[in-house]
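Hi,

Here is the structure I said I would pass on. Have a look at it first, and then read my notes below.

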Amino acid sequence: MTDHRTLDRPLLGIALMLGFCLLIPLGDAIAKLLASRVPVGQIVFVRFATQALILIPVSWALGQSLRIPRRLLPAVLLRTVLQMAGITAMFNALRYLPLADAVAIAFVMPFIMLLLGKYVLGEAVGIHRLGAC
């Protein structure tokens, strides 16, 4: 049995979250600039293709399998479609909203997920999770 303390690396988590908070708005800004000249579907395709080109070799280098168990395939496909639909909606919104407004709305998502976790999944939401949001 693995000791969870050996896997708990809060500084790495904080660093990755800060990287996310810097890179995602940059990607959104690029999408906003491109959306007036390039179809949104093409922007979304390039975004996900680039993501795959980066993450597949990283996954292989880390020795991770890319195989999906057959019983999980429907859930993974649904998640993929929903993720692509969400990104498409975000990039379409960027055509009509100021970048700061769109990013601010997107950064409210952790609060929404926290509430869904509590009321839909019955997860415990304590002061620490509220503080993290």
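The chain has 7 helices and 0 strands, so from the N terminus on the elements simply run α-α-α-α-α-α-α. By helices I mean DSSP runs of H or I with at least four residues, by strands runs of E with at least two, and both are numbered from the N terminus.

Before you go further: this is a predicted model, in which local features need pLDDT of at least 70 and side-chain atom pairs count only at pLDDT 80 or more, while totals for chains, interfaces and linings use all residues. Residues are numbered from 1 along each chain as its sequence is written, and side-chain values use heavy atoms, with hydrogens and water left out.

**The chain overall**

Taken along the principal axes, the C-alpha atoms fill a box of roughly 55 × 35 × 30 Å. Of the 133 residues in the chain, 12% are buried. Here buried is under 20% relative accessible area, exposed is over 50%, and partly exposed is in between, using a 1.4 Å probe and protein chains only. Among contacts with a separation of 6 or more, 61% are between residues 24 or more positions apart; a contact is heavy atoms within 4.5 Å.

**The largest pocket**

How much space lies in the largest pocket? About 1,600 Å³. The search used a 1 Å grid over the protein atoms alone: a pocket is an open set of points with protein on both sides within 12 Å along at least five of seven lines, whereas a cavity is a set where a 1.4 Å probe fits but cannot get out. Lining residues have an atom within 4 Å of a point. Grid points are joined across faces, edges and corners, and the volume is the space filled by probe spheres set on the points.

The lining of the largest pocket has 39 residues, and those nearest its centre are Phe-20, Ile-24, Arg-47, Gln-83 and Ile-87. Two or more lining residues come from each of helix 2, helix 3 (40-61), helix 4 (73-94), helix 5 (99-106) and helix 6 (109-119). Helix 2 gives the most, with 10 residues. By type, this lining splits into 30 nonpolar, 6 polar and 3 charged residues.

Helix 3 and helix 4 each supply at least two of the lining residues, and the largest share, 6 residues, comes from helix 3. The lining of the second largest pocket divides into 8 nonpolar, 4 polar and 2 charged residues.

Gly-13 sits in helix 2 (residues 10-35). Its relative accessible area is 37%, so Gly-13 counts as partly exposed. Gly-13 and Leu-130 are 117 residues apart in sequence, with their C-alpha atoms 17 Å apart in space.

Asp-28 is also found in helix 2. Leaving aside neighbours within four places in sequence, Asp-28 is in contact with Met-90, Phe-91, Leu-94, Leu-99 and Val-103.

Val-44 lies in helix 3. Why does Val-44 count as buried? Because its relative accessibility is 4%. Beyond its neighbours within four places in sequence, Val-44 is in contact with Met-84, Ile-87, Thr-88 and Phe-91.

Ser-59, in helix 3, is buried, with a relative accessible area of 13%. With neighbours within four places set aside, Ser-59 is in contact with Gln-64 and Leu-66.

Ala-61 lies in helix 3, and at 69% relative accessible area Ala-61 is exposed. Ala-61 and Val-40 are 21 residues apart in sequence and 32 Å apart in space, C-alpha to C-alpha.

Cheers

Conventions
Nonpolar A, V, L, I, M, F, W, Y, C, P; charged D, E, K, R; others polar.
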